[in-house]
Amino acid sequence: MPGPGAYCFGKEEMEAVMEVMQGGYLFRYGDEDDPKFFHKASTLEKEFARYCKTDYALATSSGTSALLVSLIAMGLKPGDEVIVPAYTFIASYTSCIFAGLVPVLSEIDESLSLDPDAIESRITPRTKAIMPVHMLGNSCNMDRIMEIARKHNLLVLEDSCQAAGASYKGKKVGTIGHMGAFSLNIFKTINSGDGGLVVTNDHELYETAFGVHDQGHKPNRFGVEVGARSVLGLNFRINEITAAVGLAQLNKLDGIVTTLREKKSKLKNLISEAKGFKFRVLNDPDGDCATLCTVIFDTRDQAVTVTKALGSKTIDQSGWHVYANMEHVLKHLEEVGQPHTKGSYPVTDDILSRAMNISIGVVDGGLGAGWGININSTDAEIEAAAKQFINACK
């Protein structure tokens, strides 16, 4: 049950992988004078920067490492607080924790992303950054979030891992804050199995992020820079095979998003006649990457009845995307003086208990999106799914 990119694997990805294998250079660095070294990693970075219209992009081993590298590159120090939504994938929290930071959870609104009206009440003298998460491919209200960040002199890292291809008022998500992080995991819009990307327009942030992801080295090094490494780093490098698949998928991204939007529009139009629910708020309806269609029922009872009839579940039951289901994170937060239990965020709890994700492109039971359609669904299959949903609502 993967994301839409996996449904679109074809000869382009296979040829790209075989080209790397035949060339013999699987490491992201190689002999610059050898025509068999194809620079897949650096080409992916250049092409993704061009796609996002940013100055810099950095390919990493995962979306989680893209978040971690960005947090460290921004100069955040142990004990600093980062405001994150109470509904997000677990990596938004654990990347903060492994950087020595304290994730401070905040309520969501009916866009299923950070509620701008709730953010300021979570700011303390230790708050240094906000991590808006473009959850389920829907952009956050970035105008309001950036306004708050400027008012309080906070850094902004956009977690865009679920939103490659999405935009907000004409700008690609991930390019509005100081840095943006993306994922190439199998459940994302495009994928290379795993992998990640960081984008920024700030050269210093880019250079530092590169060093953090490559043992302290400067971007696109030649050899080991003994005596020239200015930051401590780890190994979060992408390899040439992963980058080759990512590059082939990137070339398909616009087509994937266009197809998803068409299929989502058809399904929404068909099920809109049903009663007892509303569609989630889209902060930029034209920029949604349309991987999922989220409905919010009027009551919890109806949400449970409908999802059960369809063999799905409400979002509050969707595993490691809901704060109350992350027992190990909750234990850590309690140890650092941030005790949480189910009920700590009543607005979030209420919305998620009444909400259901219908798959459009991302078919993922872990998101509560095990039922719906996929990018290859025919009109007849979309109509059949709509009829099934309407009958369940009745």
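Which backbone nitrogen lies 2.8 Å from a polar atom of the side chain of D80? In this predicted model, the nitrogen belongs to K77. D80 itself is found in the loop that runs between α4 (63–73) and β2 (81–85). The residue is buried yet takes part in no salt bridge. The nearest side chain of opposite charge is that of K128, at 5.1 Å, whereas a salt bridge requires a nitrogen within 4 Å of a carboxyl oxygen. Leaving aside residues up to four places away in sequence, D80 touches L101, V102, R126 and K128.

The sheet was examined next. Seven strands form an open sheet with mixed pairing, in the order β1-β9-β8-β5-β4-β2-β3. Its edges are formed by β1 (56–60) and β3 (102–106), each of which pairs on one side only. From one strand to the next, the twist averages 25°. Helix α3 (residues 40–52) packs on this sheet and touches β1, β8 (179–183) and β9. The direction of α3 makes about 130° with that of β1. Strands β1 and β9 (residues 196–200) run antiparallel and are joined by five bridges. Within this pair of strands, A57 stands opposite V199 in β9.

Helix α9 (residues 240–250) is largely enclosed by the rest of the structure, because 10 of its 11 residues are buried. Among the buried residues are E240, T242, A243 and L250. The buried residues of α9 pack against α1 (4–7), α2 (11–23), α3 and α10 (253–271). The N-terminal end of α9 is capped by N239, with a side-chain oxygen lying 3.0 Å from the backbone nitrogen of I241.

A further helix, α8 (residues 203–213), contains T208. The side chain of T208 reaches the backbone oxygen of E204 at a distance of 2.8 Å. When residues up to four places away in sequence are not counted, T208 touches A73 and V231. The C-alpha atoms of T208 and M74 are separated by 8.3 Å, although the two residues are 134 residues apart along the chain. For P285 and T124, which are 161 residues apart along the chain, the C-alpha atoms are separated by 33 Å. P285 is found in the loop between β10 (277–279) and β11 (292–297). With a relative accessible area of 56%, P285 is exposed, because the cut-off for exposure is over 50%.

Backbone angles were also considered. Most residues other than glycine have a negative phi. L136 counts as buried at 1%, whereas N153 is exposed at 72%.

Side chains of opposite charge can pair when their charged atoms come close. A search of the whole structure finds 15 salt bridges. One of these pairs joins K151 and E120, with a distance of 3.1 Å from N to O. K151 is exposed, with a relative accessible area of 60%, while E120 counts as partly exposed at 34%.

A second pair, D379 and K266, meets in a salt bridge of 2.8 Å from N to O. This pair links distant parts of the chain, since D379 lies in helix α14 (residues 379–393) and K266 in helix α10, 113 residues apart. D379 counts as partly exposed at 40% relative accessibility, and K266 counts as partly exposed at 36%.

The side chains of D350 and R354 also meet in a salt bridge, at 3.0 Å from N to O. D350 is partly exposed, with a relative accessible area of 37%, whereas R354 counts as buried at 11%. Finally, salt bridges that share partners join E12, E13 and K252 into one network.

Notes:
Residues numbered from 1 in each chain as written. Predicted model: local features only at pLDDT ≥ 70, side-chain atom pairs only at ≥ 80, totals over all residues. Heavy atoms only, no water. Helix = DSSP H or I, 4+ residues; strand = E, 2+ residues; numbered from the N terminus. Buried < 20%, exposed > 50% of the residue type's maximum accessible area, 1.4 Å probe, protein only. Pairing = 2+ DSSP bridges. Axes fitted to C-alpha atoms, helices over the stretch in contact; angles between N-to-C directions. Contact = heavy atoms within 4.5 Å. Polar contact = N/O pair within 3.5 Å; in protein donor to acceptor, adjacent residues only side chain to side chain. Lys, Arg positive; Asp, Glu negative; His and termini not counted.
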